[in-house]
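Reader: I would like to go through this structure label by label. Please set each value against its cut-off.

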Amino acid sequence: METGSPENPGAAGTAGQTGTEGDEPAWTGLPPGLLRMRRLLLVVWLGLLCLGLGLLLGLLAGPVWAAFALLPLALTAWGWVLLGRNWRSWRYAERADDLLISRGVLWREETVVPYGRMQLVEVTSGPVERHFGLASVQLHTAAAATDATIPGLDPAEAERLRDRLTELGEARSAGL
């Protein structure tokens with residue numbers, strides 16, 4: 001049984017659960033704080049664009065043309081829905097030998113990072129993320145093309161995941 005699926009992110013699996021070979025992994029969805037942050041940024045930026053465009057068109061072309069400034073509001077409604085779908089698509093699962101990261105709505109992408117191949121696990125948090133109480137976990141491996149990032153985690157969960165992945169990575173790489 002799959003938990004934390006894109007259709008039901010609230011049913012995220014317990015952090016730290018691992019599946020065995022052949023079992024479906026226990027998926028964990030992202031917390032809703034990331035969705036709130038992204039939607040707020042969307043409203044702020046497109047709201048400023050709408051206001052600036054309305055003032056510019058109103059002063060240069062007349063009040064009738066200023067109505068075209070409402071187009072960014074339509075983009076806001078469309079972006080609101082797309083951000084929700086994208087947020088629901090992100091999930092991760094800790095298995096016995098590797099970490100799975102799945103994302104994408106139209107083009108589904110699943111990244112598998114073996115614990116023994118991890119070289120560095122970073123927790124980052126920019127000023128906007130810190131304001132919303134969020135952090136991201138970035139995994140670095142020997143492969144330069146690896147894009148293993150889990151955005152928008154609670155800082156405590158990000159640190160727990162970093163410590164666990166580092167511990168598992170050291171244990172797995174000791175045998176190499």
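Reader: What makes E94 count as buried or exposed?

Author: In this predicted model, E94 has a relative accessible area of 3%. Buried means under 20%, exposed over 50%, and partly exposed in between (1.4 Å probe, protein chains only). So E94 is buried.

Author: A word on the ground rules. Residues are numbered from 1 along each chain as its sequence is written, and side-chain values use heavy atoms, without hydrogens and water. As this is a predicted model, local features need pLDDT of at least 70 and side-chain atom pairs pLDDT 80 or more, while totals for chains, interfaces and linings use all residues.

Reader: Why is the pair E94 and R164 called a salt bridge?

Author: The rule asks for a side-chain nitrogen of Lys or Arg within 4 Å of a carboxyl oxygen of Asp or Glu. In E94 and R164 the closest N and O atoms are 2.4 Å apart. The pair therefore passes the rule. It links distant parts of the chain: E94 is in strand β2 and R164 in helix α4, 70 residues apart. Helices (H or I, at least four residues) and strands (E, at least two) are DSSP runs, numbered from the N terminus.

Reader: What is the accessibility class of R164?

Author: R164 has a relative accessible area of 23%, so the label is partly exposed.

Reader: Which side chain meets R160 in a salt bridge at 2.8 Å?

Author: That is E94, with the distance taken from N to O. R160 lies in helix α4 (residues 155–173) and E94 in strand β2 (residues 91–94), so this pair ties together parts that are 66 residues apart in sequence. R160 counts as partly exposed, at 27% relative accessibility.

Reader: What makes R160 and E157 a salt bridge?

Author: Their closest N and O atoms are 3.0 Å apart. Both residues lie in helix α4, three residues apart, about one turn of the helix. An α-helix has 3.6 residues a turn, so residues three or four places apart point the same way. E157 has a relative accessible area of 17%, so E157 is buried.

Reader: How many salt bridges are there by this rule?

Author: The count comes to six. E94, E157, R160 and R164 are linked in a network of salt bridges.

Reader: How do you know that the charged end of R91 sits over the ring of W27?

Author: For Arg, CZ must be within 6 Å of the ring centre and within 35 degrees of the ring normal; for Lys the atom is NZ. R91 is 4.0 Å from the centre of the W27 ring, and the pair is listed as a charge over a ring.

Reader: Which residues have the most contacts inside the largest nonpolar core?

Author: They are L99, I101, M118, L139, I150, L153 and L165, in a core of 24 residues. α4 gives the most to this core, with four residues. Such a core is a set of buried Ala, Val, Leu, Ile, Met, Phe, Trp, Tyr and Cys residues joined through side-chain atoms within 4.5 Å.
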